[in-house]
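Take a walk through this protein with the structure open beside you.

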Amino acid sequence: MATSTSSPLRLLLLAVAAVALAVLPGVSAAGLPDIKPLLSGNPWSAFQNFSGCHFGDQRQGLAKLKDYLGHFGYLPKPPTKFNDIFDADMETAIRTYQQNFGLEVTGQLDASTLAKMMAPRCGVADVINGTSTMAAKTVVKGRNLYSYFPGQPSWPRSKKSLRYAITATSQTTIDGATLSAVFARAFARWAEATTLNFTETAREADADITIGFYGGDHGDGEGFDGPLGTLAHAFSPTDGRFHLDAAEAWVAGGDVSVASSEAAVDLESVAVHEIGHLLGLGHSSVEGAIMYPTITSRTRKVDLASDDVVGIQSLYGGNPDFKGVTPTPATSSREMDSGAAAAGALSRMSSRVAGVALAAWLALVLESW
Ligand SMILES: [Zn+2]
Ligand SMILES: [Zn+2]
């Protein structure tokens, strides 16, 4: 074949190479990973303005951060509205939050605390009725930090088979077959470790557990907030309700780490977490545990950690056939802090590297003509 630059095939291959490079995200013009907090559409992005705030400060909008601490149980609800003053109660609340998330306990709104607070997370509170359900009073390496809801509610010991129905899907574009497959895989994670088993039923009346997608306020006092922020919530046994924020950029199949949206969230990962609540687990302070409250966008995290397994087996007994937890590489399921952002950027860089390799291969093919 002629090596003319005007060869249509050669031009086509060059165009493919150019597109392969152009569509791959994540690297700035300088070639450095483009790590930035997920701010667009994030309902909590204004928290970044409070960096360095401490006891005695007064800042406009600080009441919104108190609302956040109140929502997740760290501050009692005020008689009227929260004010913008960083008072002693707020300092105590932030200390508890920092303990729960394994952060340095400063009582101040330092950068790492704010980054954690802006991360997308589960809507279930970390502190219920003034008692932290997260057992991080003293974080000891290797200690189990799983928790239960107050009163330790669970499904009756005699009830080993639970049925679930996917009931409210009008607000999601994900098709029914895909949803069934995703939730079946998520339930299987917990069935493997316990003597429980789960089956889908089409009839809501037959279901112990109901799963649905909802937007904004949906009648249970726990309204959703649009993309990011609160992703989902589920109720403790034996309520059985599991609600997902319909406004999230859910990814129900494929590799979430290369999703086009920075705010893409892996549906199966969130489902595994919420099923933990449906079965009676509260939040864990172990960052690698499924029951840790935050999750990184564009990250898949579906493997139960030993903390989750010990917690659930203490409630329901263990499955003798359970093969134990799969050790996961340290970077595969990290949480929503700067380390996670770096891990995400790394995975995006990998796709970029793949793109560069593709372009190089195409150049070689062209050379050989
Ligand atoms: Zn949760
Ligand atoms: Zn709800």
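Tyr 214 stands opposite Asp 245 in strand S7. This is a predicted model, so keep that in mind throughout.

Now widen the view. S5 and S7 belong to an open sheet of five strands, in the order S4-S3-S5-S7-S6, with mixed pairing. Which strands sit at the edges? They are S4 and S6 (232-234), and each pairs on one side only. From one strand to the next, the twist averages 20°.

Move to the S4 side. S3 (residues 161-168) and S4 (residues 197-200) pair in the parallel sense, over four bridges. Find Leu 162, and you will see Phe 198 of S4 opposite. Between these two strands in the chain comes helix H5, residues 176-193. Together, S3, H5 and S4 make a right-handed β-α-β unit.

Helix H6 (residues 267-279) lies across S5, S6 and S7. H6 runs at about 25° to S6.

Next, look inside. Nonpolar side chains tend to be buried together in soluble globular proteins. Here the largest nonpolar core has 77 residues. Which residues have the most contacts inside this core? They are Leu 69, Phe 183, Ala 271 and Ile 275. Domain 2 (45-118) and domain 3 (161-336) both give residues to the core, so it lies between them. Phe 183 shows how the core is joined up. Leaving aside neighbours within four places in sequence, Phe 183 is in contact with Tyr 164, Ile 166, Ile 211 and Ala 271.

Now try the loops. Gly 318 lies in the loop between helix H7 (306-316) and helix H8 (338-367). Is Gly 318 buried or partly exposed? Gly 318 is partly exposed, because 14 other C-beta atoms lie within 10 Å, and a buried residue needs 20 or more. Gly 318 and Thr 195 are 123 residues apart in sequence, yet 6.2 Å apart in space, C-alpha to C-alpha. Not counting residues up to four places away in sequence, Gly 318 touches Ala 193, Thr 194 and Gln 313.

Some backbone details deserve a stop. The peptide bond from Pro 237 to Thr 238 is cis, with omega near 0°. Thr 238 has its place in the loop between S6 and S7. Gln 152 has phi near 50°, and Arg 298 has phi near 55°. Gln 152 is in the loop between strand S2 (131-132) and S3. Arg 298 is in the loop between H6 and H7. Gln 152 is partly exposed, with 13 other C-beta atoms within 10 Å. Arg 298 is buried, with 26 such atoms within 10 Å.

Step back at last to the whole protein. There are eight helices and nine strands. Of the 369 residues, 39% are buried. Among contacts between residues at least 6 apart in sequence, 70% join residues at least 24 apart.

Methods:
Residues are numbered from 1 along each chain as its sequence is written. Chains are lettered from A and ligands numbered from 1 in the order in which they are written. This is a predicted model: local features need pLDDT of at least 70, side-chain atom pairs count only at pLDDT 80 or more; totals for chains, interfaces and linings use all residues. Two strands pair if DSSP finds at least two bridges between them. A crossover is right-handed if, with the strands pointing away from the viewer, the path from the first strand over the helix to the second runs clockwise. A residue is buried if 20 or more other C-beta atoms lie within 10 Å of its own, exposed if 12 or fewer, and partly exposed in between; C-beta atoms are placed from the backbone. Two residues are in contact if their C-beta atoms, placed from the backbone, lie within 7 Å. Axes are lines fitted to C-alpha atoms, for helices over the stretch in contact, and angles run from 0 to 180 degrees between N-to-C directions. A nonpolar core is a set of buried Ala, Val, Leu, Ile, Met, Phe, Trp, Tyr and Cys residues joined through C-beta atoms within 7 Å. Domain bounds come from an automatic or database domain assignment.
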